[in-house]
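Student: I would like to learn how to read a model of protein chains with DNA, one feature at a time. Could you take me through it slowly?

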There are 2 protein chains.
Amino acid sequence: MSGTENQALGMRPKLSERVADQLRDVIQRGDFAPGAQLPTENALVEKFGVSRTVIREAISCLRVDGLVKAHQGRGVFVCEDISQQPFRLYSKGLNEKAHIEQAMELRLCMEVSNAELAAQRRTEADIQNMQDALNKQHAAHLKGELGQTEDFSFHLSIATATKNSYMVDFLRFLGPVIIPANAMHQMEPDILPGYQDSLRSEHLAISDAIKLGDANMAGAAMRKHLRQGLRVNSGATGN
Amino acid sequence: MSGTENQALGMRPKLSERVADQLRDVIQRGDFAPGAQLPTENALVEKFGVSRTVIREAISCLRVDGLVKAHQGRGVFVCEDISQQPFRLYSKGLNEKAHIEQAMELRLCMEVSNAELAAQRRTEADIQNMQDALNKQHAAHLKGELGQTEDFSFHLSIATATKNSYMVDFLRFLGPVIIPANAMHQMEPDILPGYQDSLRSEHLAISDAIKLGDANMAGAAMRKHLRQGLRVNSGATGN
DNA sequence: ACATCGTATGTTGTATGATGAATTATGAAT
DNA sequence: ATTCATAATTCATCATACAACATACGATGT
């Protein structure tokens, strides 16, 4: 993040973002200890030579990032605990390939655990949701569609069955990174049905194991499924 | 997040945050399709009955959150892909206990995978780092310290050995949520050494399995270790 | 001496108006 | 119909003023 993408396109980055980046740096470098007070807005105005509007927008960014906390009438202070800081992908200078690979690995380890937990905790309603998602995906396939949305719904239904809302949130968070990587778009029309069939059988294997309550089997099926998908994707993109 | 904690303390939430929350809601509810243009600043000024300052700060928040993207001279648009959106814990209305439990479960499933991956990919340097962390933790224990920082360093060294930087980032992200939950602070002084010994033996079991390259054993040792820690923590807090 | 209260000062939050910069729409000239 | 200059729109920045909140200080009364 931090507005570097603008600069890459030759666009002049916004002043407030440049100031925010500089402030972020000095904070993360430790120039201001946790709990310490930042210079006042007026001081920063003089220091950076910009208007108070820009300073306030920059500090607002740091606030959303969970780095500082502003108190009216007192000042702006560096957060004591960084527990409010969000988690971002793509933060470092990773190329597209490494980014997707590592994010995919993160998803794999989480979804395998999800399958295991779902097998232990699923209720009848969860099983019904999984079944619905599978049916809708099958219907989409029969209509000649890719059914990626329904595919994702199936995985979400498993995450929901873990009764851990963070699992759902995290899968939703990783979802967009994964979906575009799917190689179904570039797939030859004649091998697509075969791929969708194998997809369906893999999903059924996962679903059955979760219904049975067999955690090990569910995890293994999910791992096999995701590794298969990873193989197809990387193969199609020529890696 | 979303400034709800202010309201809980009886503090009047900032206008800009309230506006930001409302805008966030209508966007996430789908009132504005991805790629659609938001009303202009002036329109929002009239709609909300606040100043441009507030509207701009609110939009700035949404920008940092990755929900919208502002283009000078064109307008503010809802992001097409939400892949830039950060992942946050504590986002929903979870009580402290459920929050920690669910976050801990997220950590568990990730660290088990980390141990497995580390066993497969560790280099000599990784093994050295793990060993260093263990030694430092032991030294801290002998000095009568809790050694929590060194404990965390050990786990980080495992994450580093996976060669997946997101694993390290994510563990760092979860770290602050977990650390305060540690019950060592409230522990009776006479049982602390015994606990530290068991901690050390669990760490050694993990470390040995990773050195041997036995993924299954490493994963099992890590799972046992974290479940043990979870048990101690929840027991100490009376749950 | 001590506690209480009001005031002064400093800081962030909000409002307002004006100007700059970038994009898009408009329209005239060829 | 195309091209080009101009106007209109919109976000970005600047400057100023005032409001809301917090703290420090001193006056006042006991």
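**Reading the model**

Tutor: Let us start with the DNA: the largest share of the surface near DNA strand C, 3 residues, comes from α4(B). Helices (H or I, at least four residues) and strands (E, at least two) are DSSP runs, numbered from the N terminus. This is a predicted model, in which local features need pLDDT of at least 70 and side-chain atom pairs count only at pLDDT 80 or more, while totals for chains, interfaces and linings use all residues. Residues are numbered from 1 along each chain as its sequence is written, and chains are lettered from A and ligands numbered from 1 in the order in which they are written.

Student: Which residues are closest to DNA strand C?

Tutor: A residue is near a molecule or strand if its C-beta atom, placed from the backbone, lies within 6 Å of it. Here 21 residues surround DNA strand C, and the closest are Thr40(A), Gly73(A), Leu15(B), Ser51(B) and Gly73(B). Two or more residues of this surface come from each of α3 (41–48) and β2 (75–78) of chain A, and from each of α2 (15–28) and α4 (52–64) of chain B.

Student: How do the residues near DNA strand C divide into nonpolar, polar and charged?

Tutor: Ala, Val, Leu, Ile, Met, Phe, Trp, Tyr, Cys and Pro count as nonpolar, Asp, Glu, Lys and Arg as charged, and the others, Gly among them, as polar. By that division the surface near DNA strand C has 5 nonpolar, 11 polar and 5 charged residues.

Student: And which residues come nearest to DNA strand D?

Tutor: Of the 20 residues around DNA strand D, the nearest are Leu15(A), Ser51(A), Gly73(A), Thr40(B) and Ala70(B). At least two residues each are supplied by α2 (15–28) and α4 (52–64) of chain A and by β2 (75–78) of chain B, and α4(A) gives the most, with 3 residues. By class, this surface has 5 nonpolar, 9 polar and 6 charged residues.

Student: How many helices and strands does chain A have?

Tutor: Chain A has 10 helices and 2 strands, and from the N terminus on its elements run α-α-α-α-β-β-α-α-α-α-α-α.

Student: How many bridges join β1 to β2 in chain A?

Tutor: Two strands pair if DSSP finds at least two bridges between them. In this chain, 4 bridges join β1 (residues 68–71) to β2(A), and the two run antiparallel; Lys69(A), for instance, has Phe77(A) as its bridge partner in β2(A). The hairpin has 3 residues between the strands, and in this hairpin Gly73(A) takes a positive phi near 85 degrees.

Student: Where does Lys163(A) lie?

Tutor: Lys163(A) lies in the loop between α7 (148–161) and α8 of chain A. Although Lys163(A) is not a glycine, it has a positive phi of about 65 degrees. This residue counts as partly exposed because 17 other C-beta atoms are within 10 Å.

Student: What rotation superposes chain A on chain B?

Tutor: Two copies of a chain are related by a rotation about an axis and a shift along it. Copies are superposed by least squares on the C-alpha atoms of residues with pLDDT of at least 70 in both. A rotation of 180 degrees, with 0.3 Å of shift along its axis, superposes chain A on chain B with an RMSD of 0.4 Å. That is the relation of a two-fold axis.

Methods:
Buried ≥ 20, exposed ≤ 12 C-beta atoms within 10 Å, placed from the backbone.
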